[in-house]
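User: I would like to learn how to read strands and sheets in a model. Can we work through one together?

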Amino acid sequence: MLAKFATLPLTQRFAVMVALAAAIAGLAAVALWTQQPDMQVLFTNLAADDAGSIVDRLKEMKVPYELGAGGTSILVPSAQVHDLRLRLAGQGLPHGGGFGFEIFDRTSLGVSEFVQKVNYRRALQGELARTIAQMPEVERARVHLSIPERRLFNANQERSRASVVLSLRGGQSLGKAQIQGIVHLVASSVEGLQPQDVTIVDGHGRLLSGSSQDEGARLTDSQLEYQRTLEKDIEGRIQTMLEHIVGANKAVVRVSSLLNFRQVETTEERYDPNGQVVRSEQRSQEKSAGTSGLSGGVPGVASNVPPGKDAEPAQTSTNTSQNKNETVNYEISRTVSKIVEPIGTVKKLSAAVLVDGRYEIVKGDAGQAAAEGEAPRKYIPRSEEEMKQIEEIVKKAMGYNAERGDEVQVVNAQFGFGQEEDGGASVEASPDRPTMLRFSTWPRTIPNPPRWSSNSGSTITHRIAP
């Protein structure tokens with residue numbers, strides 16, 4: 001074999017040697033490739049700080065790794081994926097874009113109170129961000145808390161506030177119920193935080209929750225729904241009553257309400273000095289009586305000698321004492337009342353009502369018009385007395401309260417147009433159906449423009465319809 005190789009020309013021998021070297025290199029590459037471990041994803045969609053922390057742990061454990069997706073994913077040998085996930089989870093990795101309460105696992109001496117407060121705020125923000133990020137529509141979340149320092153003698157204490165930034169997955173969005181759930185989750189996790197002080201924006205800066213207006217200037221969805229339901233109910237009551245009087249589709253009612261959604265709770269304590277009540281009474285009485293003897297005589301022998309038959313008897317006296325104590329404790333009459341005002345009370349109602357007039361058939365060409373199927377009608381406004389009666393009916397139906405400042409405006413307006421001489425418009429009406437309008441081409445100059453009249457109180461106003 002070697003002898004035959006030696007007889008070959010130099011160029012052929014060189015080519016054979018190159019081919020042999022390439023084959024050996026290929027075999028070596030295949031051997032190295034087969035010995036390289038199969039890499040699988042350990043974590044993906046990592047934040048920069050989480051990726052750095054995990055890489056440092058892998059270097060300490062001397063585990064080979066690869067970075068992918070611009071450094072947001074880490075690949076490790078497939079045989080060690082599950083073991084590494086458990087070991088890193090035991091060390092609190094990944095943090096999920098922030099630190100949680102594991103920040104207090106490693107305490108150090110000499111930490112000031114200010115640092116402890118800052119760490120607590122960081123931990124609370126991280127825990128809230130992790131909880132929100134568990135929603136399937138949310139890819140990442142970040143929470144910012146503004147918790148003012150509590151002072152004992154500060155009457156004007158600032159309120160806590162929170163801001164949440166959500167990065168949603170592609171093509172997905174959050175519903176109103178989910179947004180409200182996030183708002184109440186954050187508000188319930190922070191002391192002194194109210195739901196109206198929580199602002200949520202998406203990754204593009206669009207406002208999802210919160211109010212850019214002043215406090216109290218915006219109603220919630222439930223409050224708006226309650227207000228609209230109340231207005232529709234009052235409108236329906238007025239509309240049904242008027243249609244029985246003036247006819248179907250002969251009245252238009254609109255109601256506007258101003259409601260008070262403040263929740264007020266008052267605790268009142270009153271004392272009545274004139275209404276005294278005996279609380280306790282104690283009486284004690286002590287009486288004692290006794291006698292005492294008095295000896296008399298001149299000092300000397302006679303006084304010390306026992307008395308004889310003619311001796312005077314000794315003098316005695318009786319002592320009587322009486323002691324009486326009485327203690328009465330009075331209780332001042334006190335009344336404690338707790339008043340909780342209802343939510344959604346009506347502060348003011350305003351009603352605007354348009355009422356159509358009457359239409360009479362013109363007697364002139366009634367026969368010819370009836371033959372043609374068109375009966376010309378003439379508009380007649382309602383009288384002032386009739387408008388006042390309608391206004392009183394509207395007030396009764398809506399629950400009018402003058403002390404509350406309610407307003408009612410009833411206007412007599414022409415809903416349809418009478419037949420014009422130039423054929424501009426005609427009215428088709430019947431007793432069992434509303435007035436119908438049929439328009440033809442209007443000329444540039446209208447000889448008798450349609451009019452509507454209003455009757456409010458004692459004044460009647462006529463205006464040319466546009």
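User: Which residue is the bridge partner of Met-39 in strand 3?

Analyst: Strands of a sheet pair through backbone hydrogen bonds, either parallel or antiparallel. In this predicted model, Met-39 has Pro-77 of strand 3 as its bridge partner.

User: How many bridges join strand 1 to strand 3, and in which sense do they run?

Analyst: Strand 3 covers residues 73-77. It is joined to strand 1 by 4 bridges, and the two run antiparallel.

User: What is the strand order of the open sheet?

Analyst: The open sheet has 3 strands in the order 1-3-2, and the pairing is antiparallel. Strand 1 (39-43) and strand 2 (66-68) are the edge strands, each pairing on one side only. From one strand to the next, the twist averages 40°.

User: Which strands does helix 3 touch?

Analyst: Helix 3 spans residues 48-60 and packs on the sheet. It touches strand 1, strand 2 and strand 3. The direction of helix 3 makes about 20° with that of strand 3.

User: And which strands does helix 4 touch?

Analyst: Helix 4, residues 81-90, also packs on this sheet. Its contacts are with strand 1 and strand 3, and its direction makes about 20° with that of strand 1.

User: Is strand 5 parallel or antiparallel to strand 6?

Analyst: Strand 5 and strand 6 (residues 198-202) run parallel, joined by 5 bridges. Here Leu-166 stands opposite Asp-202 in strand 6.

User: What unit do strand 5, helix 6 and strand 6 make?

Analyst: Follow the path from strand to helix to strand. Strand 5, helix 6 (residues 176-189) and strand 6 form a β-α-β unit, and it is right-handed.

User: Now the whole chain. How many helices and strands does it have?

Analyst: The protein chain has 10 helices and 18 strands. Of its 466 residues, 24% count as buried, with under 20% relative accessible area as the cut-off.

User: What share of the contacts join residues at least 24 apart?

Analyst: Take contacts between residues at least 6 apart in sequence: 64% of them join residues at least 24 apart.

User: And what does the accessible surface come to?

Analyst: The accessible surface of the protein chain is about 32,900 Å². Carbon and sulfur atoms account for 52% of that.

Conventions
Residues numbered from 1 in each chain as written. Predicted model: local features only at pLDDT ≥ 70, side-chain atom pairs only at ≥ 80, totals over all residues. Heavy atoms only, no water. Pairing = 2+ DSSP bridges. Axes fitted to C-alpha atoms, helices over the stretch in contact; angles between N-to-C directions. Contact = heavy atoms within 4.5 Å. Right-handed = clockwise from strand over helix to strand, strands pointing away. Buried < 20%, exposed > 50% of the residue type's maximum accessible area, 1.4 Å probe, protein only. Areas by Shrake-Rupley, 256 points an atom, 1.4 Å probe, with all protein chains shown as cover.
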